[in-house]
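Let's take a walk through a protein and its RNA partner, one piece at a time. Have a look at the picture, then read on.

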Amino acid sequence: MINITFPDGNIKAFENNPTGLDVAQSISEGLARDCVAMELNDKIVDLKMQIDSDSKIRLITTRDAEGLEIMRHSAAHVMADAVLRLYHDAQLTIGPVVEDGFYYDIDMQPLSKDDFPKIEAEIQKIIKAKIPFERTEVSKSDAMKFYKDEPYKLEIISELQDETISLYKHGDFTDLCRGPHVPHTGLIKAFKLTKVSGAYWRADQKNAQLQRIYGTAFFNKKELKAYLYFIEEAKKRNHRKIGQALDLFSFYDEAPGMPFFHAKGISIWNCLLDYWRLEHRAAGYVETKTPIMLQRSLWEKSGHWENYRENMYTSTIDEDEYAIKPMNCPGGMLLFGRRPHSYRELPVRAAEIGLVHRHELSGVLAGLFRVRAFHQDDAHIFMTPAQIKDEILGVLQLTERIYSTFGLGFHLELSTRPDKSIGTDAQWETTTQGLKAALDAYGRDYKINQGDGAFYGPKIDVHIKDALGRTWQCGTIQLDMSLPERFNLAYIDKNNEKQRPLMIHRVVYGSIERFFGILVEHFAGKFPLWMAPVQIALLAINDDLAPYAVQVQQTLEKAGLRTEIDSRTESLNKKIRDAQLGNIPLILTIGNKEKESGNLSVRTLDGKVRFGISHEKFLARVLEHIKNRELDLNIFDD
RNA sequence: GCCAGAGUAGCUCAGUUGGUAUAGCACCUCACUUGUAAUGAGGACGUCGCGGGUUCAACUCCUGUCUCUGGCUCCA
């Protein structure tokens, strides 16, 4: 007699050693159909596994996140099977599940997307056949024998600690695998290959280049469709496309990875910075500026010459070697070190919109997301150890305030001491505890990335979430125990003794270029009124009304609004269409009615038109909306 | 940097087996003077990314190079 305990505490007895499937079936056929695996005494295993002692069980169904992962892992096997059927010389390596699906790295001839249809067709055959997955366990030496002709698998097996190795077989295909897997291939209901690219064995350039085939799978077609729709939507929002269409920025062969911003792009940029300065002044920051080119000796002192040299642009002038700054901190250190500081001055919060250059590998450049020249909204905060908690808390609160203005959510991650690090145990203890204390006082959940900190100190990363639910790391708060030491920074404490200040580097936008790109995609190019490069389009209905339109425009410009008159000899419909496609939030159509009544007709970007709004009401509402940095278009509704 | 794909007018793109190139939008001109998402007609616009080669002839084939796109972190 076997007693099975369910998550809700219920206990059920079984006569013979039941499998997970038997347990599911004892509850209902429907449940059995939806089950893909089970958690048996806190371990996720195959549904077909026999239970031979009293156990705790949790059935994992197609509705559980773990279920999806397991099925995708099974899908990776099926894909590998299909590839082997078509390409007999292919050598399998590894095939893990990733965020949106899975991939398999295979040593084979280069593939392109054109090869997908035939691979997908083969996959469909395997899925249709509903082939069961079977687990077998063999000794390490038997596994080595089985894989004698597959060097990658042999390498993997030789590194495994366990003496027993599990193999998963479906049909004629067997793969080395920890498992678990879904009961049969038919549970892969919706399937699609998504990408193919080169990847190195063990991610090392020295090793063989493999074909990495990406795919995704879902338990039903609807979810796959939703996923593909999401991909399409993301494509439509691509900041490179929108940046081109809205005339925001461009790139040239003469300066790869270094964006040029156009008038409309800079208009948005300035909104970002105006707002940033407002918040930072209020939070007690001062703004500074340091040169972009500094002598080699400084970079040697900071350690960049030794550790970051490949990424730095250098130049020799009058026989002196210079480097263009890849980071703002060394300049900031010079500024702090220029005169003695009293403990009474601390904390010093010195911000800098610093232009930095980093020579990134040509292959990693990507629009505004990965560039070689960019601005950081940097700040260096110099403080005493006792001030860590309050300062970090202050940065977190400032960060939250700024992100929420753009309608961006976020989550936090704390990275602790890595294997390679400088500083004493006591220093790491103080600083890490300081960050933790601040996070706890802040009160939001955070994830800990053990050992992921910088070599010079622990850090908090802030990951924002955009309108499509994608996350981006933007903000970061890094404690630095190294630079104050290297630059011999000091403050004078109460007892008139020199003390070493602690320093944090922090950014909120991170790279302003990248943040700009993220916002383009977040808003899909439809910037809120306060950021829109052109806030109001004025469309005169005929040429005779043009002078009156100019008159209206002048009062709006006087109030500080950004406007544009469309004076082309085009139809009103055409002008409206173009203004809408240009994402201009407010469109004023000016005809005789408006001229005679002195009122305005306003069309908002959502296509709603309101007539008979007085100039006074229009100005008051618009200015209020901008002042509050509202994100919606509810400007004239009462 | 590496692998794969791409580069034709300001933008989006067509271009068959090699015979100096297509269309729409945008732009300019003219007519129309428009009431809430494209008025019509006409015109101008190209070293086919750049260099070299093959050929009577290259956007097309070969080669080099530059730039862009996707990927190169996820460990059976």
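## A pair of strands to start with

Strand β22 (residues 409–415) and strand β24 (residues 459–465) run antiparallel and are joined by seven bridges. Here, helices (H or I, at least four residues) and strands (E, at least two) are DSSP runs, numbered from the N terminus, and two strands pair if DSSP finds at least two bridges between them. Pick L412, for instance: its bridge partner is V462 in β24. As background, strands of a sheet pair through backbone hydrogen bonds, either parallel or antiparallel.

Now zoom out to the whole sheet. It's an open one of eight strands with mixed pairing, in the order β16-β20-β21-β28-β25-β24-β22-β23. The edges are β16 (286–287) and β23 (446–449), and each has a single partner strand, so one side of each is left without a neighbour in the sheet.

## What you're looking at

This is a predicted model, in which local features need pLDDT of at least 70, side-chain atom pairs count only at pLDDT 80 or more, and totals for chains, interfaces and linings use all residues. Residues are numbered from 1 along each chain as its sequence is written, chains are lettered from A and ligands numbered from 1 in the order in which they are written, and side-chain values use heavy atoms, with hydrogens and water left out.

Chain A has 20 helices and 33 strands, and its C-alpha atoms fill a box of roughly 90 × 75 × 55 Å along the principal axes. Of its 638 residues, 49% are buried; buried means under 20% relative accessible area, exposed over 50%, and partly exposed in between (1.4 Å probe, protein chains only). An automatic or database domain assignment divides the chain into domain 1 (2–61), domain 2 (66–227), domain 3 (249–291 + 325–522) and domain 4 (536–627). The centres of domain 1 and domain 3, taken over C-alpha atoms, are 50 Å apart.

## Meeting the RNA

A polar side-chain atom of R240 lies 2.5 Å from a phosphate oxygen. Bases get attention too: an N or O atom in the R577 side chain is 2.5 Å from a base nitrogen, and a polar side-chain atom of T589 is 2.4 Å from a base oxygen.

Strand β32 (residues 599–604) holds S601. On one hand, β32 is joined antiparallel to strand β31 (residues 586–590) by four bridges, with L588 opposite V602. On the other, four bridges join β32 to strand β33 (residues 609–614), also antiparallel, and N599 stands opposite S614. The hairpin of β32 and β33 has four residues between the strands, and G607 takes a positive phi near 90° there.

Is S601 buried or exposed? It's buried, at 3% relative accessible area. Its side chain makes a polar contact with the side chain of E594 at 2.4 Å. (A polar contact is a pair of N or O atoms within 3.5 Å; within protein, one must be able to donate a hydrogen and the other to accept it, and residues adjacent in sequence count only if both atoms are side-chain atoms.)

The peptide bond from L346 to P347 is cis, with omega near 0°; P347 sits in the loop between α12 and β20. Two asparagines have positive phi: N41, near 50°, and N583, near 60°. N41 is in the loop between β3 (35–40) and β4 (43–46) and is partly exposed at 41%. N583, in the loop between α18 and β31, is buried at 12%.
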